[in-house]
Amino acid sequence: MTKKYKKKEEVLPRGKNYLGLDWADWARLKNGKAVELDFVPKEAKEFLVEVKDQKKIKPKEVKWNGRFSRRV
């Protein structure tokens with residue numbers, strides 16, 4: 001099962017083999033994007049955090065009657 005991950009910190013070290021990640025995935029992470037991975041290599045575990053789906057909150061609708069209220 002694939003999960004989405006993004007980097008924890010601002011700096012993502014390259015290491016010997018791009019932390020065990022594919023170069024394209026490493027480049028996306030370095031640029032601040034999230035990537036989908038089947039598994040996280042042990043070299044990269046401390047630098048990545050799982051992205052959990054957030055529920056979208058629908059904004060509350062406000063009815064407009066066309067008038068401004070004024071306090072006097």
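A nonpolar core is a set of buried Ala, Val, Leu, Ile, Met, Phe, Trp, Tyr and Cys residues joined through side-chain atoms within 4.5 Å; buried means under 20% relative accessible area, exposed over 50%, and partly exposed in between (1.4 Å probe, protein chains only). The tour returns to this term below.

The model is predicted: local features need pLDDT of at least 70 and side-chain atom pairs count only at pLDDT 80 or more, while totals for chains, interfaces and linings use all residues. Residues are numbered from 1 along each chain as its sequence is written, and side-chain values use heavy atoms, with hydrogens and water left out.

**Whole chain**

Start with the cartoon view. The protein has 1 helix and 3 strands, where helices (H or I, at least four residues) and strands (E, at least two) are DSSP runs numbered from the N terminus. Read from the N terminus, the order of elements is β-α-β-β. Of the 72 residues, 22% are buried. Contact here means heavy atoms within 4.5 Å. Among contacts between residues at least 6 apart in sequence, 63% join residues at least 24 apart.

**The sheet**

Select the three strands. They form an open sheet in the order E2-E1-E3, with antiparallel pairing; two strands pair if DSSP finds at least two bridges between them. Strand E2 (35–37) and strand E3 (48–50) are the edge strands, each pairing on one side only. On average, neighbouring strands of this sheet are turned by 45° against each other, direction ignored (axes are lines fitted to C-alpha atoms, for helices over the stretch in contact, and angles run from 0 to 180 degrees between N-to-C directions).

Tyr5 has Val35 of E2 as its bridge partner, and Lys4 has Glu36 of E2. Then move to the pairing of E1 with E3, again antiparallel and with 3 bridges. Here Lys6 stands opposite Val49 in E3.

**Lys7**

Select Lys7, which is in strand E1. Is this lysine buried or exposed? Lys7 counts as buried, at 19% relative accessibility. A polar atom of the Lys7 side chain lies 3.1 Å from the backbone oxygen of Lys30. A polar contact is a pair of N or O atoms within 3.5 Å; within protein, one must be able to donate a hydrogen and the other to accept it, and residues adjacent in sequence count only if both atoms are side-chain atoms. Leaving aside residues up to four places away in sequence, Lys7 touches Leu12, Leu29, Lys30, Gly32, Phe47, Leu48 and Val49.

**Helix and core**

Now colour H1. Its buried residues are Asp25, Trp26, Ala27 and Leu29, and the buried residues of H1 pack against E1, E2 and E3. Gly32 follows H1 and has a positive phi near 90°.

For the largest nonpolar core, select 12 residues: Tyr5, Leu12, Leu19, Leu21, Trp26, Leu29, Val35, Leu37, Val40, Ala44, Phe47 and Leu48. H1 and E2 are the elements that give two or more residues to this core. In soluble globular proteins, nonpolar side chains tend to be buried together.

Centre on Leu37 for one member of the core. Not counting residues up to four places away in sequence, Leu37 touches Met1, Thr2, Lys3, Tyr5, Leu21, Asp25 and Leu48.

**Two loops**

Go to the loop between strand E1 (3–7) and helix H1 (23–30), where Tyr18 lies. Leu19 is placed in the loop between E1 and H1 as well. Most residues other than glycine have a negative phi, and most peptide bonds are trans. Tyr18, however, has a positive phi near 55°, and the phi of Leu19 is positive at about 60°. Tyr18 is partly exposed, with a relative accessible area of 25%, whereas Leu19 is buried at 8%.

Finish in the loop between E2 and E3, at Phe39. Is Phe39 buried or exposed? Phe39 counts as exposed, at 62% relative accessibility. The C-alpha atom of Phe39 is separated by 7.4 Å from that of Thr2, and the two residues are 37 apart along the chain.
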